[in-house]
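Please open the model in your viewer and keep the selection tool at hand. The tour below goes from one selection to the next and says what is found at each stop.

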Amino acid sequence: MNTLFPRWLLDLERLLPIRSQFVISGNIRDSVLVPLAGRPALVPLLRASWEQLQRQGYRCLLVYDPCDGVRVYPDDAAHRELAERLFDLKLASGSQMISLESLGKLMQAVSSTREIRCALLIDFASRLARQPDHLNENEQRFFVAAEKLSLTAAPIVPRPPAPEENAPAAPGKPLFNPVLWLLNRPQDLPSWLTLDSERVASLTVGRPDYETRQAAARQLAPLFAGHAEASEAAREQFIKSFANGTEGMGLTALADITELANHQQLGLTAIDDAVRCYKVGALDNPWRKDYLRQRIRDAGSFIEQRVKGQPQAVVKALDILKRSVMNLTGAQARSGGSRPRGVLFFAGPTGVGKTELAKTLTELVFGDERAYIRFDMSEFAEEHTGARLLGAPPGYIGFDAGGELTNAVREKPFSVVLFDEIEKAHPRILDKFLQILEDGRLTDGRGDTAWFSETILIFTSNLGIYVEDEHGRRQQNVRPDDPYEVVEERVRGAIGDYFKYRLARPEILNRIGDNIVVFNFIAAEVGKQILAGMLNNVARRLREEFKLQLALSQAAQEALVKRCLTDLSNGGRGIGNRLEADFINPLSRALFLEDLSGHQRVTVTALSETDKVVHLELALS
C-alpha cells in the first residue's frame with residue numbers, strides 16, 4: 001500500500017525518527033492521491049498528512065495559520081477536547097487566535113508532550129515574515145526559538161494510555177512530535193533555519209507524474225457521462241488520453257476538468273475537448289472545422305496569389321500544416337498532446353515572402369489575419385528584455401504584469417505566433433523556447449500558465465545567406481543564380497552550425513527537427529509578377545482616393561521594370577522600395593500640382609531622370 005503514497009509522504013514517514021521539523025514546499029495546494037479504505041482517493045494535502053501520521057500512531061494534529069489562528073484536525077468534539085486538555089487551548093468556536101510568541105510556546109509544548117503522539121502544522125508559513133532575510137525583533141525571536149527547538153527536541157515513546165482513556169496504544173518506536181511548515185517556496189523562511197539545523201528536513205511536493213495522473217484519471221472516469229456503457233478498451237483509451245493531455249498539471253486540475261466536462265456535457269469520448277477547454281477557455285476548436293481540410297486541400301492557388309515563386313517552401317509548409325490538422329504533431333512520442341500544433345522555421349533571403357506566408361497560413365487556418373501574433377526578435381537582443389517577452393521573475397518589478405508573449409497567447413489561444421529574425425534574440429531568451437517546443441506551455445511571473453497546444457509557431461531567419469570566414473569577415477554563402485538545391489543545402493548547414501557551435505544549443509535545433517523551410521531567391525519572372533501586383537495596389541489606391549484610373553504606356557512599363565528589377569537580392573521588399581522611390585514619389589509629386597477635378601484617368605507616358613531625380617510624364621483625361 002505504501003506505493004500509493006507520494007514520495008514526500010513516504011519521506012515524512014521515514015524521517016520521523018530522526019527529524020524534528022519538516023519544511024514542505026512546492027505543489028502544496030494540489031490534491032494528493034492516497035489510499036483510503038483500501039482504494040486510491042483524491043484528498044487535500046492536510047488530509048493526506050493526517051492519514052500518514054495516523055498510520056504512525058499520532059492522535060492529534062494542530063493546524064495554525066495567520067488568518068484563523070490554531071485549530072485541530074479533524075475538527076470534531078473528541079479531538080478538540082483532547083487538544084484543549086493537553087495544550088490549554090479554547091477551541092469551542094473552532095479556532096483560537098494566538099500571537100507569534102504564543103505560537104512559539106505551542107511549538108515547544110507539542111514537541112515535548114509525552115502523553116500522545118501529536119504534530120503541529122503551520123499553514124501559510126510563507127506569510128509569517130514579510131521579509132525572511134530582514135526580520136523584525138518579534139520575528140527574529142520566534143524563528144530563533146524554532147531553530148533552537150529543532151535541535152533540542154527529542155523523539156518520544158508515549159506512555160501507555162490508561163484503561164479509562166479507551167485509546168489505542170501507539171507503536172513503541174521513538175518518533176518526534178514534529179513541526180510541519182507549509183511553504184510556497186523554501187526561501188520564504190529565513191535561510192539559516194534550514195541550513196544551520198540538521199534536524200530540519202526539506203520535502204518538496206512535486207507535480208504528479210504520468211502514473212499518478214493515470215491513477216487519478218481512473219478514479220475520476222466514473223464521473224464522466226457514458227462511462228457505464230463504454231467498453232473496457234474505450235475506458236482505457238480515456239485514461240490514457242486524460243493522463244497524456246494533462247502533462248504538467250496538478251491533480252486538482254484533473255478534478256476541475258471533470259467538473260467542467262459535466263457542466264459542458266462532454267462525455268467520456270470528448271476528454272480531449274474537455275482538457276482543451278480547461279487550458280485555453282474555448283470549446284470551439286478551429287482545427288476540427290469541417291471546411292478546414294477542404295480549404296487546405298485547395299490552398300495551393302490561394303497561397304500562390306500572395307507568395308510568389310516559392311513552390312518548394314509552400315509544399316513543405318502545407319505538409320506540416322496537414323500534419324497539424326490531423327493532430328499528428330509529435331505522434332512518435334509517448335506523450336505529445338500539449339506540444340504546439342505545428343512548428344515552422346522559415347529561412348532564406350530577405351524579402352522573399354517568409355512573413356507573408358506566415359500571414360497567409362493564418363488566414364487559411366483561422367480565417368482572420370488578426371489571429372497572427374508577431375514579435376520582432378531584434379527587440380530582445382539583450383538578456384534583460386526576456387522579462388518583457390516572458391514576464392519578470394516573481395518578486396521583481398513588473399512581475400505581476402505577465403509577459404507580452406504569455407499574455408498574447410492566453411488572449412488568442414488559437415493563433416499563429418511569428419518570431420521574426422529569431423537569430424537576433426539573446427541566447428538566454430532562446431532557452432525558454434525549449435519548454436514551449438517540448439511541453440507546449442510557459443508560466444509567467446504571476447504563476448499563470450499560457451498553453452501553446454493550439455498554436456502554430458513560426459520562426460523566421462536570414463541565417464545562412466551570409467556567413468563569417470575564418471577572419472570574421474562577412475561573406476555571401478549563397479547567390480541568386482545558385483540552384484535551389486544548393487541554396488537549401490547551404491542554408492540548412494549554416495543553421496545547424498549556428499545552433500550547434502556558435503550558440504552551443506543543439507537541443508533547440510533538435511526540437512525544431514525537420515521543420516526548416518528554405519526560401520529561394522526571387523527570380524526575374526517572379527519579380528515581374530510581384531511588381532505587377534504592387535502596381536495593382538497603387539491603382540486601387542488611386543481609385544479609392546481620387547476616382548482615377550491608372551494606366552502606363554509600354555515605354556513607361558519597360559522603364560519601370562528595368563529600374564525595379566535590376567537588383568533582386570533584397571527580394572520583394574527591395575522591389576517595393578524601388579517602386580516607391582522611382583514611381584510612387586514622382587507620381588505623388590506630379591499629381592499634387594494638378595487639379596484632378598473632372599478627370600477620370602491618368603496615364604504615365606514616360607519616366608525620365610534629371611540629377612538623380614525621377615520625373616513622370618502624365619496625361620489626364
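Is Cys-118 buried or exposed? Select Cys-118 to begin: with a relative accessible area of 1%, this residue is buried, where buried means under 20% relative accessible area, exposed over 50% and partly exposed in between, computed with a 1.4 Å probe on protein chains only. Before going on, note that this is a predicted model, in which local features need pLDDT of at least 70 and side-chain atom pairs count only at pLDDT 80 or more, while totals for chains, interfaces and linings use all residues. Residues are numbered from 1 along each chain as its sequence is written, and side-chain values use heavy atoms, with hydrogens and water left out.

The structure holds zero disulfides, a disulfide being a pair of cysteine sulfur atoms within 2.5 Å. Cys-277 can be selected as well, and this residue is buried, with a relative accessible area of 9%.

Go next to Phe-242, which is, with Leu-361 and Phe-583, one of the residues with the most contacts inside the largest nonpolar core, a set of 82 residues. Such a core is a set of buried Ala, Val, Leu, Ile, Met, Phe, Trp, Tyr and Cys residues joined through side-chain atoms within 4.5 Å. Apart from this core lies another, of 43 residues, and Phe-459 is among them.

Finally, select Leu-531 in helix H20, which covers residues 524-546. Leu-531 counts as buried, at 3% relative accessibility. Leaving aside neighbours within four places in sequence, Leu-531 is in contact with Leu-560, Val-561, Cys-564, Ile-575 and Leu-579, contact meaning heavy atoms within 4.5 Å. Between Leu-531 and Cys-564, which are 33 residues apart along the chain, the C-alpha separation is 7.9 Å.

Notes: Helix = DSSP H or I, 4+ residues; strand = E, 2+ residues; numbered from the N terminus.
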